[in-house]
Amino acid sequence: MVFSLGLDLGTTGLRALLLDDEGQPAGSAERPCAVAHPHPGWSEQDPADWIAALEGAMAELADRFPEALARVRGIAVSGQMHGATLLDAGLAPIRPCILWNDTRSHAEAARLDALPGMREISGNIVFPGFTAPKLDWVRRHEPEAFARIAKVLLPAGFLNLYLTGRAVADMSDSAGTSWFDTGRRDWSDALLEAGHMRRDQMPELVEGSAPAGRLRPELAARWGIAPGAVVAGGAGDNAAAACGTGALAEGQGFVSLGTSGVLLAARDGYRPEAGKALHTFCHAVPGRWYQMGVMLSATDSLNWLSRITGQGPAELTAALGETLRPPGRVRFLPYLSGERTPHNDAAIRAAFTGLGAETGRDDLVRAVLEGVAFGLRDSAEALRGAGAAPAQLLAIGGGARSRLWLRMIATVLGVPLEVPEGSELGAALGAARLGRVAATGAPPETVMTPPVIAATIAPDETLAPAFDEAYRQFRAAYPGLRAIQ
């Protein structure tokens, strides 16, 4: 009986999920992680906090689910992408990890992005949140720290090092560094040289579903796991979420309504479209890639309005009922923290337009929901331009609890949204599945299956023309807003 363990290291905490031999949840534990903001635009974490969170979660699992933990044969880590964890010759952290949502390296990102071949090799724009510009910032502003760097690991790679003693990373996570040849699935010597880095400073590469090492004996003994448990390569968080939802092949994808909004499509081949700020990364399984559009403020937009009004997000949306109405006059541009797809604009900020004396709270709530839906359509249009057009999408994330919002998004995107049965989806599940494949050698398609669907939300064809026109107005508003900021 092969149990597996998925570890999901997010920005705000770590989640550990046990799966039984049939792939069903057998126990879980969570621990928070703090984020430091020492200067405006900076976002950092101490890697020691990740280890403390991991040990705390594993101690809880060992206490509550010892029999299940003793059966674990495969482990994998899913991690927040792009974070720069700098290690010295003794593989100890030199400074706090610079996270994915840190914007200090915007000038370095622009310089790297302008270099010949950068987008062509990496398949992506160099965003300030990516890893390479962070290291260029450290080189310029912290030269003593830069000179000590022996290895650079992403957050998931740092946990892999702790688990196995080996500096190893998978393809999906590494593709978000701007040092990676995404089509060839290998480090690019040309991109490393452009970023003043060397191949020996990079971790060893393995596929996410392949063995990366064995759990260190002292950890196995402390946690009650049988000796020899396999640790898989793991994955970046969105690739792991795709494994958790069964989105492996062309035509499969999901829309995630979390703090940020993600529209992801699995691809059978490599077809980059960097000019539209579309992300093209390796998948966590061999021979596959995925593309995604990202908006930075999805449910975060509703949470912001919740803080302003003093009412909870669920209370705000409940007041609108469940009947979809035509778009209102009030428009919301959801750029509270800038935007990625399709604008690649870290400086743009949000706005309401069309406000009148008669505007009430419910009008603002509806405008926020519509603005997020239109932002997701920006990503859908970019994906269509790259040849990715799933006939339906899974709807996941906290925002997917609002049926009104799902009806709106289905109508704006013009595709049905499938609502999974049960809540156990996402990166921790995908990581546990990767661990199972690495331990058993099972074909990924037999383990990473789609969930049972509880409901399908169809587009409202009668309202589609009105939302199409409202989207056209939404698109037209961005250049004007940008001009006055």
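In this predicted model, D88 and R148 form a salt bridge, with their closest N and O atoms 3.6 Å apart. D88 sits in the loop between β6 and β7, while R148 belongs to the loop between α6 and β8, so the pair ties together parts that are 60 residues apart in sequence. Under the 20% cut-off for burial, D88 counts as buried because its relative accessibility is 17%. R148, at 44%, counts as partly exposed.

That pair is one of 32 salt bridges in the structure. Let's look at a few others. D181 and R184 meet at 3.7 Å, N to O; here D181 is buried at 14% relative accessible area, whereas R184 is exposed at 55%. D362 pairs with R361, the closest N and O atoms being 3.0 Å apart. Both partners count as partly exposed, D362 at 28% and R361 at 30%.

Now turn to the helices. α14 (residues 361–385) packs against α15 (residues 403–413) at an angle of about 35°, with the axes 9 Å apart, and the crossing is right-handed. Residues making the contact include L369, F374 and L376 of α14 and W405, M408 and I409 of α15. By class, the contact has 12 nonpolar and 3 charged residues, with no polar ones.

Finally, follow α16, which runs over residues 427–440 and reaches 20 Å from its first C-alpha to its last, close to the expected span. This helix is mostly covered, with 11 of its 14 residues buried, among them L429, R433 and V437. Just after α16, G441 takes a positive phi of about 75°.

Technical notes
Residues numbered from 1 in each chain as written. Predicted model: local features only at pLDDT ≥ 70, side-chain atom pairs only at ≥ 80, totals over all residues. Heavy atoms only, no water. Helix = DSSP H or I, 4+ residues; strand = E, 2+ residues; numbered from the N terminus. Expected span 1.5 Å × (residues − 1). Buried < 20%, exposed > 50% of the residue type's maximum accessible area, 1.4 Å probe, protein only. Axes fitted to C-alpha atoms, helices over the stretch in contact; angles between N-to-C directions. Left-handed = near helix turned anticlockwise from the far one by under 90°. Contact = heavy atoms within 4.5 Å. Nonpolar A, V, L, I, M, F, W, Y, C, P; charged D, E, K, R; others polar. Salt bridge = Lys/Arg side-chain N within 4 Å of Asp/Glu carboxyl O.
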